[in-house]
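Let's take a walk through a protein structure together, one piece at a time. Keep the picture at hand and follow along.

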Amino acid sequence: MEFLDLKTQQDRIRKPLEKRFNAILDHGAYIMGPEVYELEEKLADYCGVKHAISCSSGTDALLIPLMAWGVGPGDAVFTTPFTYVATAEVIALLGATPVFVDVYDSTFNIDCEKLEIAIQDTIKDGKLIPKAIIPVDLFGVPARYRLIQEIANTYNLRVIEDAAQSFGGSIGSKKVGTFGDIAATSFYPAKPLGCYGDGGAMFTNDDHLAEQCKAIRIHGTSLDKYNSEVIGLNGRLDSMQAAVLLEKLTIFDEELAMRSKVSNYYRKYLNDAQCIPENYHSSHALFSITFDSHKKREEIVNTLKQNNIPSVIYYKYPIHLMKGFGYLGYKDGDFPISEGLSQKIVSLPMHPYLQKEEIDQVIESI
Ligand SMILES: Cc1ncc(COP(=O)(O)O)c(C=O)c1O
C-alpha cells in the first residue's frame, strides 16, 4: 500500500504530458515559457482571482509577499507552531519575528481568540510592530478567514493564506486562494496538485501587490531584466513543471472528489479525525487522526508498520521547540495544543486511488 500514489495518476496523464514535454524541447523556452503563462491563467480562473503568479516553491510564495510589504527586523508576524517549518522560516529569513499562536484541537488551525490576545500582548509589550498574519490551512482544511480578516482589519494587519496544503479546498463557494490579501500554495510533488519538482504560486486580487510579486520573483525586475528596481530573488517556475501542472489540472476536480470519498470512508469507522467544519471543504492533502496518548499513538504506528501500512507523523516537533528557532526563547508548555498534537497525531495513507480494500485494512489494523 502506498502512502501517496503518484504512479497511477501519472499513467493517466502520461501521453498528453509527453506531448507537452516534446513541445518544450522544441520551443526551448525552459523557464517562464508559454506553459507558465497558460498555467497562471488557468489557476486564476480555477480559484476565481485576478492574479495567479507562479513561482519556484511554496516557500518562495510565502516569502515574496512579505518582501513586497517590506517586512523585516522589528516586525511581528503571527502564525502557528503546528505547521511545516517553511511557514515560520520565511519570517525569520527576513529578520522579522515569528510570534506563535496555538491551534484549535479540532481543526489544528490557528485559534482566533488566542491570535487576538497575542496581537494585543505584542502591542502592549511595545518591542515589535505587528505586521501580518500567516494562517495555515493545515492538511487541506481552510482556517477561519471571516474571523481572521476581522482581526486583521481591527489591527491593520496583512494576511497571507498559507494554502500550501489546501489548494482545491473552499469555504462555501469561495475557493482557497481568495482569502487574505494574498494566498501562497506549493506544488511540491506530494501536494494535492503537485508537479515533478519544486513549484508554487501566489493568488491575489490586488493589482499593485501582484506587480510587486511578479518583479520580486525575477530578481526585482519588471521593465528591464538587467535593471533591478527592488531586491528580489530567483523565484521563477520552469516550463516543464508548468506542463505537469497543466495536465494534472485536467483531472484535479475528479481527484479531489476521490480524495473526499476516501476521507468519508475513513470517517465512518475512525473517531478523532481532523474536524472539517460545516460548509468547509478540505483538499484532503492528508488524513490525520489523534489518539488519547503518546503511548497509544506509538502502539498504532507500530501495528501499522507490522502490517506494511505506511503512516507519517505530521508534525513530530512543533516549530517553537525546534533547535533552529531556540533563539526566540519559547519553552515546552507554551503551546499545549500543538505540543499535544505532535505527541498524539498520525497521518494515514491518503490519495485518490486508494482502494476500499486498502482502507479496510488500515481501519482493521487500528
Ligand atoms: C504548510 C506549508 N507551508 C509551506 C510549505 C512550503 O512549500 P514548498 O515545499 O513548496 O517550499 C509547505 C510544504 O510542504 C507546507 O506544507
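Before we set off, remember that this is a predicted model. In strand E6, which covers residues 170-171, two bridges lead across to E7, and the two strands run antiparallel.

E7 and E6 are part of an open sheet of three strands, in the order E7-E6-E10, and the pairing is antiparallel. The edges are formed by strand E7 (174-175) and strand E10 (280-281), each of which pairs on one side only. As a reminder, strands in a sheet pair through backbone hydrogen bonds, and they can do this in a parallel or an antiparallel way.

There is another sheet to explore. This one is open too and has seven strands, ordered E1-E9-E8-E5-E4-E2-E3, with mixed pairing. Strand E1 (51-55) and strand E3 (97-100) are at its edges; each has a single partner strand, so one side of each has no neighbour in the sheet. From one strand to the next, the twist averages 30°.

Which strand is joined to E2 by four bridges? Strand E2 (residues 75-79) is linked in this way to strand E4 (residues 129-133), and the two run parallel. If you look for aspartate 75, you will find that its bridge partner in E4 is isoleucine 129.

Helix H5 (residues 112-125) lies across E2, E3 and E4, and runs at about 165° to E2.

Which residues make the contact? From H3 come Thr59, Leu62, Leu63 and Leu66, while H4 contributes Ala86, Thr87, Glu89, Val90 and Ile91.

Leu25, Tyr30 and Ile31 make a nonpolar surface patch of about 310 Å². One of these residues, leucine 25, lies in helix H1, which spans residues 6-27.

Conventions. Residues numbered from 1 in each chain as written. Predicted model: local features only at pLDDT ≥ 70, side-chain atom pairs only at ≥ 80, totals over all residues. Heavy atoms only, no water. Pairing = 2+ DSSP bridges. Patch = residues over 30% accessible without salt bridge, like charges linked within 9 Å, V, L, I, M, F, W, Y side chains within 5 Å. Areas by Shrake-Rupley, 256 points an atom, 1.4 Å probe, with all protein chains shown as cover. Salt bridge = Lys/Arg side-chain N within 4 Å of Asp/Glu carboxyl O. Contact = heavy atoms within 4.5 Å. Axes fitted to C-alpha atoms, helices over the stretch in contact; angles between N-to-C directions.
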